[in-house]
Amino acid sequence: MSVFDGLKFRRVYSPIHNLDPRIKFIYVLAIFVIAIIFWELIPLIVLFIIQIPFVVLAGVKREWLRSMRGGAFLASIIFVTNFVVAYFAGRGLAESLENAIALTLRFIVLIESFSIFFLTTSPDHLGLALEQTGMPYEFCFAFTTAVRFVPVLAEEAQTIMDAQKARGLELERGNFLKRIRNYIPILIPLIVSAIRRSLELAEAMESRAWGATKKRTNLYVLKIHKNDFFLIVITIGILATAIFIRLYVPIPSLNQLLKGIF
Amino acid sequence: MIEVEDVYFRYPNGVEALKGVSLTIKNGEFVAIMGQNGAGKTTLVKHFNGLLKPTKGRVLVDEAETTKVSVATLARKVGFVFQNPDHQLFCETAEEEIAFALKNFGFKETIIKRRVQWALNLLGLTQYKKISPFMLSGGERKRVALASVLAWNPKILILDEPTIGQDYQQKEKLRQFILQMKTQRKTVIIVTHDVEFVAECNPRVVLMREGKIVADGEAKEILTNEEVLTQASIVPPQIAQIFMQMPSLQLPKNIIDVYEAREILLKMLRSDAK
Ligand SMILES: Nc1ncnc2c1ncn2[C@@H]1O[C@H](COP(=O)(O)OP(=O)(O)O)[C@@H](O)[C@H]1O
Ligand SMILES: [Mg+2]
């Protein structure tokens, strides 16, 4: 469940939390794009490092580290497969290693920016942002509800796991297929209760006249502030620099750089 | 025997749910753990079958430290019925639901059959044995969950909030059932804030508040001690309240049993009449 922990929003106030979610989202998208267009190690390291100030400013270091740890397993799989494939394809040891590290780092940068976004954006803000970009309200509502239910479901999964363990279920027993089957006693109650919960929610909403007015207004309206402009400028700056480097600057690999020094 | 030695427990999110709890529960004892929501009752009993391990301190079940044995091994000895039956029911029939744990513990097929019959019968569920647990009512689902734990005949039985959502008749059956377990020298631990139910059962009461034990003793003493009850946000049983509110009659203060109260009142009225 630690992966979920890394995405769980906690209401605290920081300059990053107060940013407009739309702008933050654009920033995350920009980081995504940059991470995709580079496959060399050095720019990815730079990309990883420039996001750390955001984490520090937002004061979510602990949660962020936890989500990084949550992604560690997947990251190690990515590392091993890339390394093995490159190595057996006949590329040198140093080169395969650098390549595998770079691709793993790319994945880590993706998680990093994703988790910064979710750690610092409240589901309500997100819904508001969607609404103000012209999404139909039904869709926004479904989205925010889904986001809000993730931690609830994670907690419920934990309780169900406890309840079945108390009846002698051992998840880590047996061969691969048996282990997957071990999860049936957990998945069924989880799905059943999710369905039951959603039906109840629907009834509760109907009885409170959901959808009675076609045109909705909001108590809070998102506005672009000074800090948001600042972030836009940073985003455009980073993106432009990245594209410029991609197009016109040859990027040395770390190996070449090291050879050049010694 | 369960021994809890100065246990602290902190959830991963930083909530300190237990702050130095020490408690010994002997074999054959009947204990009610009470306290307001969030007092740490569920957290405490989850330590008894090893689902949670102390952050500090130790928990021993029959002299074995819970950190050294698997939950599955402990569960054989310590049956735990969760508050919400929907968190464990998943089989197609009530019968299979009850057999699930027995299979996990590796009982033989013939024994499983017999045990399932026995448990169904004990809780009056025989007519539902081929029915999906999801089709049953809330109270019946709770009984299926209880039967699925009783089936392997654990030495220690933990019931988390067993009376929630049960009507008076079901509660009475539950009480009879617990008393029956007591005569079989089983340890029964219930977690509840149903004061009237506890008053009728008359167990040992452990009162919790904010992760600590604030009182521990006979139901009679604890449930009539206004000072500790206020601390734990619990109101005394109705009969005790009535007695407390008639100070001029000089009635005894530690009465929680309705029948005992009636005897006292009758005696008083008779002596007045003379
Ligand atoms: N899985 C969990 N993760 C984090 N905190 C929890 C969890 N379960 C319970 N808590 C917290 O621990 C405290 C004690 O909870 P609990 O033992 O369930 O109380 P009770 O059963 O007495 O109502 C509460 O403050 C609750 O919010
Ligand atoms: Mg509880």
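User: Helices here are DSSP runs of H or I with at least four residues, strands are DSSP runs of E with at least two, and both are numbered from the N terminus. In which helix is Tyr87(A) found?

Analyst: This is a predicted model, where local features need pLDDT of at least 70 and side-chain atom pairs count only at pLDDT 80 or more, while totals for chains, interfaces and linings use all residues. Residues are numbered from 1 along each chain as its sequence is written, chains are lettered from A and ligands numbered from 1 in the order in which they are written, and side-chain values use heavy atoms, leaving out hydrogens and water. Within chain A, Tyr87(A) is found in helix H5.

User: Why does Tyr87(A) count as partly exposed?

Analyst: Buried means under 20% relative accessible area, exposed means over 50%, and partly exposed lies in between (1.4 Å probe, protein chains only). Tyr87(A) counts as partly exposed because its relative accessible area is 39%.

User: Which helix gives the largest share of the nonpolar patch?

Analyst: Patches are made of residues with over 30% relative accessible area and no salt bridge; like charges are joined within 9 Å, and nonpolar side chains (Val, Leu, Ile, Met, Phe, Trp, Tyr) within 5 Å. Val80(A), Val84(A), Tyr87(A), Phe88(A) and Leu93(A) form such a patch on the surface, with about 510 Å² of accessible area together. Accessible areas come from the Shrake-Rupley method with a 1.4 Å probe, and for residues only the protein chains shown count as cover. The largest share, four residues, comes from chain A's helix H5 (residues 61-88).

User: Which helix gives the most residues to the shell around ligand 1?

Analyst: A residue is near a molecule or strand if one of its heavy atoms lies within 4 Å of it. The residues surrounding ligand 1 include Tyr11(B), Gly40(B), Lys41(B), Thr42(B) and Thr43(B). The most, three residues, come from chain B's helix H1 (residues 41-46).

User: How much of the area of ligand 1 does the protein bury?

Analyst: A polar contact is a pair of N or O atoms within 3.5 Å; within protein, one must be able to donate a hydrogen and the other to accept it, and residues adjacent in sequence count only if both atoms are side-chain atoms. An oxygen atom of ligand 1 is 2.9 Å from a polar backbone atom of Lys41(B), and an oxygen atom of the ligand is 2.4 Å from a polar side-chain atom of Thr43(B). Of the 560 Å² that ligand 1 exposes when taken alone, the protein buries 66%.

User: How many salt bridges are there over all chains?

Analyst: Side chains of opposite charge can pair when their charged atoms come close. A salt bridge is a side-chain nitrogen of Lys or Arg within 4 Å of a carboxyl oxygen of Asp or Glu. One of these joins Arg10(B) and Glu16(B), with the closest N and O atoms 3.9 Å apart. Over all chains, the count of salt bridges comes to 24.

User: How far apart in sequence are the parts tied together by Arg175(B) and Glu200(B)?

Analyst: Arg175(B) counts as buried, at 16% relative accessibility, and forms a salt bridge with Glu172(B) at 3.2 Å, N to O. Both lie in helix H6 (residues 168-183) of chain B, three residues apart, about one turn of the helix. Arg175(B) also meets Glu200(B) in a salt bridge, at 3.7 Å. Glu200(B) lies in helix H7 (residues 195-201) of chain B, so this pair ties together parts whose separation in sequence is 25 residues.
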